[in-house]
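Hi,

Here is the structure I said I would pass on.

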Amino acid sequence: MAAGRHVARPVAEAVAGLAAAASAGLAAAALAGPPGVSWVGAWRPQDGHSVGIVLVGDRIGLGLAALTSLLVVAVLAYSWRYFDEPPHGHGGAFPALVLLFQGGMCGFALTGDLFDAFVFFELMGVVGYALTGYRVEEARPVQGALVFGFVNSLGGYATLLGIGLLYARTGELGMAQVGRELDGAAGASGHGGDALVVAAFVLVLTGLLVKAAAVPFHFWLPDAHAVAPTPVCMLLSGVMVEMGGYGAARVWTTVFAGPGGVPAAGARRTLLVLGVASALVGALMCWQQRHVKRLLAFSTVAHTGLFLVGIALLTPHGVAGTALYVLGHAGAKAALFACTGILLDRHGSVDECELHGKGRDTPVTGLLFAAGGLALAGLPPFGTSLGKALVEEQSPWLPALFVLVSAVTGGAVLRVAARVFLGAGQAGREDDEGPETAGGEEEPETGRRVRRPPVPMVTVAALLLAGSLAVGTVPALTAAVTAAAEAFTDHAGYAAAVLDGGPAGRPEGPYDWWTWTGAGLGLLSAALAVALAARSVGPASRAVPWSAPLRRLHSGHVGDYVAWTVAGIGLVSLLALW
């Protein structure tokens with residue numbers, strides 16, 4: 001990677017592809033074996049205490065590392081000879097940055113140490129800024145990268161401050177050690193965590209929610225997606241944002257879920273309120289967009305909200321359903337961005353109105369784009385539908401939220417498919433929308449417009465959708481994810497595995513699978529998405545007049561976003577303490 005800026009482009013791309021494929025193979029091999037714990041440098045704990053760095057290969061962490069590696073392979077294949085003239089002639093810079101990005105995300109998924117989680121958190125953030133602003137000769141990518149950097153840096157500082165509070169209280173940095181020390185202190189005093197522990201929870205959680213783009217920390221995500229190269233968007237929405245949700249679940253279960261941590265009611269309320277807000281705001285803003293990349297970015301905000309709702313259940317079934325949902329969503333969303341990149345390189349625009357009817361000459365891309373929209377809408381048997389169904393069945397009110405959000409986000413994508421690839425509706429601008437919805441000045445990312453979609457781009461999109469479909473059709477995967485979720489939510493079992501050398505998982509037991517109710521809800525949300533899309537391409541405007549104030553909040557000014565981040569910290573504090 002250090003030589004990425006100095007080697008020939010074909011060599012750099014080939015080496016990067018092989019390295020990413022090797023990482024994916026290693027992650028898959030580790031998943032096939034028993035979960036394990038590795039102490040770097042053999043600095044093993046003595047009497048439950050250690051200054052060493054620990055890597056924990058539990059099934060959820062390994063699965064997320066495998067997903068990251070597979071998506072990186074897909075992105076590198078998609079972007080093979082993608083940039084016609086790389087900035088400054090450094091052909092190997094892009095694949096080197098992508099590998100660094102992969103390293104940061106995989107390290108974050110596997111570390112069992114709070115400080116090292118922060119280090120990997122910042123590594124993926126810094127590389128993410130660089131990838132977002134990869135076209136440094138253009139103003140818009142640099143501005144989007146700066147917004148990304150400012151907001152995520154604030155989140156990182158909050159997380160570091162929270163880790164400092166935990167270290168001051170416990171003298172430990174390992175997640176298992178900190179959790180055990182807090183529980184021991186609670187047993188000695190006879191009461192649970194105090195205000196310092198709650199403050200640490202709020203600060204650590206804030207940084208993770210910023211990375212997850214949860215409302216009101218989400219403003220950076222649409223601005224970054226609008227200007228980042230398409231392969232980068234595939235990683236940002238496909239797996240990086242999900243890292244924030246994973247981190248929130250990991251920190252809760254390992255550190256704060258015991259008697260010395262934060263009451264479950266406070267954690268559940270915080271994740272639930274922000275999850276519902278993210279789902280509803282993301283869906284509404286998604287529906288308003290003309291810029292296809294921003295539309296997909298807001299759909300990521302909406303589905304991130306649904307992930308947080310699943311995590312907020314704080315149960316193995318909630319975690320299992322969310323994990324399957326994340327797997328299915330990663331394939332579908334990355335495929336949608338891949339198709340959007342094809343449109344950009346074919347027509348020089350990602351504006352829904354400007355592209356009206358221009359996609360008729362790429363029917364295969366249109367079919368893949370429509371399939372991605374149906375996957376977002378929760379059509380069975382996509383993995384998004386199975387994961388959604390498993391979470392919906394945990395509470396009587398959840399189906400209404402999940403069906404609504406899935407239908408609106410899927411319907412927005414299907415509306416774009418109908419207008420761009422079928423020429424449905426009227427050409428041109430239909431309503432008086434704000435400038436934040438428009439496409440702006442776009443240029444093909446390949447340096448020149450392509451006459452026909454390159455085979456690697458179309459193939460990658462098809463394989464990603466096939467992967468999303470496989471998540472919902474392979475019973476063994478659901479069984480493995482259910483067992484992994486059982487071990488993931490075992491607070492005492494995690495500490496025993498890391499510190500005492502106990503078993504790092506539980507034997508596989510019964511697991512939930514498709515039910516008539518779950519499949520029916522998936523069909524309902526998909527049918528509603530089709531109906532919404534059909535309605536919106538007609539003469540009626542798709543604008544929601546009362547949403548104008550919400551749209552104006554997404555101003556693009558970094559100062560506004562910083563203010564909302566600070567306000568979000570106060571909101572998380574109130575929810576955790578209420």
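At what angle do helix α12 (residues 316-347) and helix α14 (residues 383-392) pack, and how far apart are their axes? The angle is about 160° and the axes are 7 Å apart. Axes here are lines fitted to C-alpha atoms, for helices over the stretch in contact, and angles run from 0 to 180 degrees between N-to-C directions. That makes α12 roughly antiparallel to α14 (under 35 degrees is roughly parallel, over 145 roughly antiparallel, 65 to 115 roughly perpendicular, the rest oblique).

Before the rest, some housekeeping. This is a predicted model, where local features need pLDDT of at least 70 and side-chain atom pairs count only at pLDDT 80 or more, while totals for chains, interfaces and linings use all residues. Residues are numbered from 1 along each chain as its sequence is written, and side-chain values use heavy atoms, with hydrogens and water left out. Helices (H or I, at least four residues) and strands (E, at least two) are DSSP runs, numbered from the N terminus.

Back to α12 and α14: their crossing is left-handed (the near helix is turned anticlockwise from the far one by less than a right angle; clockwise would be right-handed). On the α12 side the contact (heavy atoms within 4.5 Å) includes Gly318, Gly321, Tyr325 and His329, and on the α14 side Gly383, Leu386, Gly387 and Lys388 are among the residues involved. By class, this contact has 5 nonpolar, 8 polar and 1 charged residues. For those classes, Ala, Val, Leu, Ile, Met, Phe, Trp, Tyr, Cys and Pro count as nonpolar, Asp, Glu, Lys and Arg as charged, and the others, Gly among them, as polar.

Next, helix α13 (residues 363-377) packs on helix α15 (residues 398-421) at about 165°, with the axes 7 Å apart. That makes α13 roughly antiparallel to α15, and the crossing is left-handed. Phe369 and Leu374 of α13 are among the contact residues, as are Val413 and Phe421 of α15. The contact divides into 10 nonpolar, 6 polar and no charged residues.

The axes of helix α7 (residues 195-211) and helix α21 (residues 558-577) come within 10 Å and cross at roughly 135°. That makes α7 oblique to α21, and this crossing is right-handed. Phe201 and Leu205 are among the α7 residues that meet α21, where Ile569 and Val572 are among the partners.

In the loop between α7 and α8 (220-227) sits Pro216, joined to Val215 by a cis peptide bond with omega about 5°. Ala213 is in the loop between α7 and α8 too, and has a positive phi of about 60° although it is not a glycine. Another cis peptide bond joins Pro380 and Pro381, again with omega about 5°; Pro381 lies in the loop between α13 and α14.

Finally, confidence. The chain averages a pLDDT (the predictor's confidence in each residue, from 0 to 100) of 88, and 89% of the residues score at least 70. Over residues 430-439 the pLDDT is below 50, though the stretch has 29 contacts in the model beyond near neighbours in sequence. Where pLDDT is low, the predicted coordinates should not be read in detail.

Cheers
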